[in-house]
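Please keep the sequence and the structure in view while reading.

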Amino acid sequence: MKLARDKSGFTMIELLIGITVSAFIFIGSSSLMFALFTSNNRVNQQSSLEQAKNDIEAELSKAVRWAKAIQVDQYTFALTVENSDGTTNTYARSSDGTLTKDGAALTAKSINVISMTIDDYSKDSKIPQKSLVITLELENKEFKAIKDTVRIVASQRLATDKTEF
């Protein structure tokens, strides 16, 4: 007498193949998600560095352009700017790698200022206006591979007492 088999279930081989295929899909999708999250974080860090570059360039260009007087300390590469209202601001690289304005940080904690150089290209010592080239090397503290250089060429405006038409 033959026994009737119920053919409605899966065999052991079919189950093992299904589990193996599911494992490969899970591993592939999890590695893809990891790559996406890493890429997104890197893009955010690059964006943060670009924003810092733009902020530094705007701040230093404006400070030099509208300064009444400028002093450059070639030893520490500190830039001291006397404003038209008589106040002074000092821009310098601090020991922890941030760019500071009067001791307050201008750059985010995630941005490291590797180096800062200031070159004075003023040609005539009789003219008090300065032409400066300020170079800063920046890097992201989390992703050391994200680096960039800011090169700012700024000149002091000529102050005139007379308005000519």
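This is a predicted model: local features need pLDDT of at least 70, side-chain atom pairs count only at pLDDT 80 or more; totals for chains, interfaces and linings use all residues.

Together E1 and E2 form a hairpin, with four residues between them.

Phe-77 is located in the loop between E1 and E2. Its phi is near 55 degrees, a positive value in a residue other than glycine. Phe-77 has a relative accessible area of 24% and is therefore classed as partly exposed, since the buried class is limited to values under 20%.

With a relative accessible area of 45%, Asp-102 is partly exposed.

## The three-stranded sheet

Strands E6, E7 and E8 make up an open sheet in the order E6-E7-E8, and their pairing is antiparallel. Strand E6 (111-120) and strand E8 (147-155) are at the edges; each has a single partner strand, so one side of each is left without a neighbour in the sheet. From one strand to the next, the twist averages 15 degrees.

Strand E7, residues 131-140, is joined to E8 by nine bridges in the antiparallel sense. Within this pairing, Ser-131 has Ser-155 of E8 as its bridge partner. In general, strands of a sheet pair through backbone hydrogen bonds, in either a parallel or an antiparallel arrangement.

## The helix across the sheet

Helix H1 comprises residues 12-65 and lies across E6, E7 and E8. Relative to E8, the helix runs at about 15 degrees.

## The nonpolar core

Which residues have the most contacts inside the largest nonpolar core? They are Leu-60, Leu-79, Ile-134, Leu-136, Leu-138 and Ile-152, in a core of 24 residues. The elements giving two or more residues to this core are H1, E2, E6, E7 and E8. H1 provides the largest share, with six residues.

Leaving aside residues up to four places away in sequence, Ile-152 touches Ile-56, Glu-57, Leu-60 and Ser-61, together with Leu-132, Val-133, Ile-134 and Leu-136. Among these contacts, Leu-60, Ile-134 and Leu-136 are also listed with the residues that have the most contacts inside the core.

## The chain as a whole

Read from the N terminus, the elements follow the order α-β-β-β-β-β-β-β-β.

The protein chain has 165 residues, of which 27% count as buried. Of the contacts between residues at least 6 apart in sequence, 45% join residues at least 24 apart. The accessible surface of the chain is about 12,000 Å², and carbon and sulfur atoms account for 57% of that surface.

Definitions and conventions:
Residues are numbered from 1 along each chain as its sequence is written. Side-chain values use heavy atoms; hydrogens and water are left out. Two strands pair if DSSP finds at least two bridges between them. Axes are lines fitted to C-alpha atoms, for helices over the stretch in contact, and angles run from 0 to 180 degrees between N-to-C directions. Contact means heavy atoms within 4.5 Å. Buried means under 20% relative accessible area, exposed over 50%, partly exposed in between (1.4 Å probe, protein chains only). A nonpolar core is a set of buried Ala, Val, Leu, Ile, Met, Phe, Trp, Tyr and Cys residues joined through side-chain atoms within 4.5 Å. Accessible areas come from the Shrake-Rupley method with a 1.4 Å probe; for residues, only the protein chains shown count as cover.
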